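Work through the exercises below with the sequence and the model side by side. Try each task before reading its solution.

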Amino acid sequence: MTRENHLTNELHGITYKMHKGLKLEYTEVFYLDYDVDEYTGLINRNKTSKHYTKSQVDRNIKALKNAYHIAKGAASPSEIINFRDKYQISASMLSIILGFSKNTISNIENEGVTSLPSGRLIKMCLDNKAIIYQYIQLCDDLDSRKKEEISRRLMEEIK
Amino acid sequence: MISRMVQLPNTPENSGLVQEFLDETRRRISNGIDITFTNKANEELKDLALDFNVEVADIETAIENLSTENYFRGIDPSRKADFEVCAFSATVGKDNVRIYLKFGLEVQGLQILLFSNHVPDYPMNQPFKNY
């Protein structure tokens with residue numbers, strides 16, 4: 001709702017932010033409402049500008065941090081999803097193989113990478129299937145049939 | 001740009017005006033009104049988030065914890081504007097980063113509109129503070 005109680009749409013736009021030499025690109029959400037002069041406190045009814053609800057700012061900051069972590073070498077949610085799809089590994093299984101709690105990968109795919117060290121570890125594993133292969137063999141929570149199945153799919157790629 | 005905002009001198013009457021502004025802010029927040037960010041405030045928060053891990057909730061907490069001692073500039077006693085605007089010096093986040101915090105209260109509505117939240121470029125004197 002705008003200030004004058006008119007229904008308004010949530011808008012999306014690609015935004016860029018330069019931070020310490022890194023160009024961060026992500027999608028931001030916002031809505032439009034009349035501009036307010038911050039010095040006079042007067043509403044300008046001839047001009048609209050971007051406004052953000054608390055929830056929108058929250059989501060935008062998460063997206064910004066995710067973009068920052070990716071720029072610093074963390075895996076992106078789409079990279080993880082593509083990897084899992086390719087090798088038919090569920091999110092909970094990849095979590096367990098990497099040593100995270102069951103929901104970690106699913107949370108990262110939905111909300112973005114929240115920790116740079118975790119994001120970098122995942123990226124290293126996705127980029128080097130020999131490491132994942134080793135972690136699968138060392139995983140106590142997978143039965144031997146499952147280990148063999150996933151390993152076979154990975155090994156086909158490595159060969 | 002800061003000079004465009006009035007600085008009220010330290011008098012009991014002015015302190016009362018600022019206290020009234022803060023009471024009204026807290027009343028709105030406790031009644032479920034969320035803070036709205038202008039584009040500028042949103043851009044500034046990005047720097048606070050990346051440099052100091054400050055989140056929206058930290059800004060809200062800082063606003064709720066303001067006292068008259070934090071007052072820096074603002075509040076037009078004539079009250080002719082659509083928003084009453086006031087600027088404060090406040091600390092936010094786990095690192096207690098000092099920031100310039102400016103927001104307005106909609107006079108004919110309930111919006112709390114954040115205009116500024118950034119690390120100040122200059123020392124901020126606080127006229128109602130006992131140094």
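## Exercise 1: a residue in a strand

B:Glu84 touches A:Gly41, B:Phe21, B:Ile75, B:Arg79, B:Gly104, B:Leu105 and B:Val107, leaving out residues up to four places away in sequence. Contact here means that C-beta atoms, placed from the backbone, lie within 7 Å. The model is predicted: local features need pLDDT of at least 70, side-chain atom pairs count only at pLDDT 80 or more, and totals for chains, interfaces and linings use all residues. Residues are numbered from 1 along each chain as its sequence is written, while chains are lettered from A and ligands numbered from 1 in the order in which they are written.

Task: Is B:Glu84 buried or exposed?

Solution. 
- Step 1. Strands (E, at least two residues) and helices (H or I, at least four) are DSSP runs, numbered from the N terminus.
- Step 2. Recall the cut-offs: a residue is buried with 20 or more other C-beta atoms within 10 Å of its own, exposed with 12 or fewer, and partly exposed in between; C-beta atoms are placed from the backbone.
- Step 3. Apply them: B:Glu84 has 21 other C-beta atoms within 10 Å, so B:Glu84 is buried.

## Exercise 2: strands of chain B

Task: Trace how E3(B) and E4(B) pair, then go on to E5(B).

Solution. 
- Step 1. E3(B) and E4(B) pair antiparallel over ten bridges. Pairing requires at least two DSSP bridges between two strands.
- Step 2. Find one opposite pair: B:Thr91 faces B:Arg98 of E4(B).
- Step 3. Check the turn. Four residues lie between the two strands of this E3(B)–E4(B) hairpin, and B:Gly93 in the turn has a positive phi of about 75°.
- Step 4. Move on. E4(B) joins strand E5 (residues 112–118) of chain B through six bridges, running antiparallel. B:Leu105 has B:Ile112 in E5(B) as its bridge partner. This hairpin has five residues between E4(B) and E5(B).
- Step 5. Check burial: eight of the ten residues of E4(B) (residues 97–106) are buried, so the strand is mostly covered.

## Exercise 3: a strand between chains

Task: Which strands does E1(B) join?

Solution. 
- Step 1. Within chain B, three bridges link E1(B) to E5(B), and the strands run parallel. B:Thr36 has B:Leu113 in E5(B) as its bridge partner.
- Step 2. Cross to chain A: strand E3 (residues 43–52) of chain A and E1(B) run antiparallel, joined by two bridges. A:Tyr52 is partnered by B:Phe37.
- Step 3. Check the faces. B:Ile35 and B:Phe37 are buried on one side of E1(B), and B:Thr36 and B:Thr38 on the other.
- Step 4. Widen the view: 28 residues of chain B are in contact with 23 residues of chain A. H2(B) gives the largest share of chain B's side, six residues. By class, that side has twelve nonpolar, seven polar and nine charged residues. Ala, Val, Leu, Ile, Met, Phe, Trp, Tyr, Cys and Pro count as nonpolar, Asp, Glu, Lys and Arg as charged, and the others, Gly among them, as polar.

## Exercise 4: the largest nonpolar core

Task: Which residues touch the most other members of the largest nonpolar core?

Solution. 
- Step 1. Define it: a nonpolar core is a set of buried Ala, Val, Leu, Ile, Met, Phe, Trp, Tyr and Cys residues joined through C-beta atoms within 7 Å.
- Step 2. Of its 60 residues, B:Leu45, B:Phe88 and B:Leu101 touch the most other members.
- Step 3. Strand E3 (residues 83–92) of chain B supplies the largest share, seven residues.
- Step 4. Domain 1 (11–60) and domain 2 (77–158) of chain A both contribute residues, so the core lies between them. Their bounds come from an automatic or database domain assignment.

Conventions: Two residues are in contact if their C-beta atoms, placed from the backbone, lie within 7 Å.
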